[in-house]
Number of protein chains: 2
Amino acid sequence: MNTREFKEKIYGEFAKVGKSLSSPKRLELLDLLSQSPKSVESLAKATNMSIANTSKHLQALLEAQLVTFSKERNYVYYQLASESVLKLSLALRDVAEERLAGIEETRQRFILRDNEVEAITIEKLIEKVKANTVTLIDVRPAEEYESGHIPNARSIPVTELQDHLEMLPKEKGVVAYCRGPYCAYATEAVEYLRMKGYEAWVLDAGTNEWMQLFGKESIK
Amino acid sequence: MNTREFKEKIYGEFAKVGKSLSSPKRLELLDLLSQSPKSVESLAKATNMSIANTSKHLQALLEAQLVTFSKERNYVYYQLASESVLKLSLALRDVAEERLAGIEETRQRFILRDNEVEAITIEKLIEKVKANTVTLIDVRPAEEYESGHIPNARSIPVTELQDHLEMLPKEKGVVAYCRGPYCAYATEAVEYLRMKGYEAWVLDAGTNEWMQLFGKESIK
DNA sequence: ATAACATTCAACTAAATAGTTGAATAGATT
DNA sequence: AATCTATTCAACTATTTAGTTGAATGTTAT
């Protein structure tokens, strides 16, 4: 083996991982799996793909070893293979956010509803939680909350919010978070809560961003 | 814009970055550029590609904003656009190393010459440098050394090693490093030095790995 | 056993990609 | 002005990829 052959082998291996990140749909799958393990069916629904196509993309991720799966009843549950895969996905997002101007603008428009909805940072959240002036709610599906969540958050899936307003004292503000800065659930929750007369903010982060700051143990 | 359109837009943008990482040749280009800015010609030579193909891959990286360029005389020098791009490239390598068994095995065989060549870690290097029992040499091309190097390293490009043995006292060991754990220059240097009677090791890291540990300022 | 269900597989099409070749461009040198 | 040099561009080919459709597999419930 000469140097060129060596490089072709090594970069060929690296590219197996790289190729996994080259499709928008696979990136979306990885993001969903970073919240909690999921069945093929639920991933297909969430990404608006056919079951067969979803399965094929998952096979590609499996081939590159970015995911693993386990079978339960007649479902197959996929999950991220390790924390390094999460870090890779966040590193890719960092680059895209920093380098591609369209992203921030689109988020501003859709997630923040052109400033109709106000975001707060993790630092501000911590202040407000310490001062006991806000309730923190996790509006993702319950199983994602159970799989790991920000400390002191209460689980109220956005689909059930209207039935659980009694959990939210009106004299306190509300901070809602969901899958991360590009997930719309928290925005929907905040819009609803403001309509009901609450002071409410979206957190510009999710469980994974929290974990990057405070460690794996902090979200258990 | 509804949620699906938003996701398609956002993940479409993320995938622009992802697509850049899907070709072995582009990953190799990014790795080379992580050492120092380089001309199209020198990148073509180093990657064994035609000039035209190299240029085309660089255009792709430019489109995704992972690199920038500057013109000087009749050369075009490309460079990484920011540190976040370096972090992404290292995160991808981490995943590949952790998940794909073939990589470690191939490195063992080619870089460590099936254990004919011994590697040491950064921690061990620091001990040895403190104890003053080794000379640390940077065997990359001189301009890469000048663009940033590990503290206390001396620059002896591997191509000039045989003419500069006087810089290496025989009573001390030698640690050689180059572009990182998958670069063969340090291996070649160590093989030569051992033949000449030195005790010599390759460092299992390069300037970028050092920088991740000790910060940007540490390599100036 | 049979039916229902979740997932995978195989065959196919349309589109995107990597690479080649040769020409075009544009700055520097003679 | 003419020539040389580094790079880019355009046209083309072979290969890979994303997605669809419909059938096959294998587990669970009736």
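This is a predicted model: local features need pLDDT of at least 70, side-chain atom pairs count only at pLDDT 80 or more; totals for chains, interfaces and linings use all residues.
Chain B can be laid on chain A by a turn of 180° with a shift of 0.0 Å along the axis, giving an RMSD of 0.0 Å. This is the relation of a two-fold axis. The same surface serves both copies, in that 100% of the contact residues of chain B recur in chain A.

Both chains contribute to the surroundings of DNA strand C. In chain A, α3 (40-47), α4 (51-63) and β3 (75-80) each supply at least two residues of the surface near DNA strand C, as do α2 (24-33) and α4 (51-63) in chain B. There are 22 residues around DNA strand C, of which Glu41(A), Ser55(A), Lys56(B), His57(B) and Arg73(B) come nearest. Of the atoms of DNA strand C that come within 4 Å of the protein, sugar and phosphate account for 73%. Individual polar contacts involve residues of either chain. A polar side-chain atom of Arg73(B) is placed 2.5 Å from a phosphate oxygen of DNA strand C, and a polar side-chain atom of Ser55(A) lies 2.7 Å from a phosphate oxygen of DNA strand C. For Asn74(A), by contrast, a backbone N or O atom is involved, lying 3.4 Å from a sugar or linking oxygen of DNA strand C.

Chain A also contains an open sheet of 5 strands with parallel pairing, arranged in the order β4-β8-β7-β5-β6. The edges are formed by β4 (119-120) and β6 (154-155) of chain A; each has a single partner strand, so one side of each is left without a neighbour in the sheet. The pairing of β5(A) with β6(A) is parallel and extends over 2 bridges. Ile137(A) stands opposite Arg154(A) of β6(A).

Helix α9 (residues 185-195) of chain A has Ala186(A), Thr187(A), Ala189(A), Val190(A) and Leu193(A) as buried residues. These residues lie on the same side of α9(A) because they cover an arc of only 160° around the axis. After α9(A) comes Gly197(A), which has a positive phi, near 95°.

Technical notes:
Residues are numbered from 1 along each chain as its sequence is written. Chains are lettered from A and ligands numbered from 1 in the order in which they are written. Side-chain values use heavy atoms; hydrogens and water are left out. Buried means under 20% relative accessible area, exposed over 50%, partly exposed in between (1.4 Å probe, protein chains only). Helices (H or I, at least four residues) and strands (E, at least two) are DSSP runs, numbered from the N terminus. The arc is that of the directions from the helix axis to the C-beta atoms. Two strands pair if DSSP finds at least two bridges between them. Copies are superposed by least squares on the C-alpha atoms of residues with pLDDT of at least 70 in both. Contact means heavy atoms within 4.5 Å. A residue is near a molecule or strand if one of its heavy atoms lies within 4 Å of it. A polar contact is a pair of N or O atoms within 3.5 Å; within protein, one must be able to donate a hydrogen and the other to accept it, and residues adjacent in sequence count only if both atoms are side-chain atoms.
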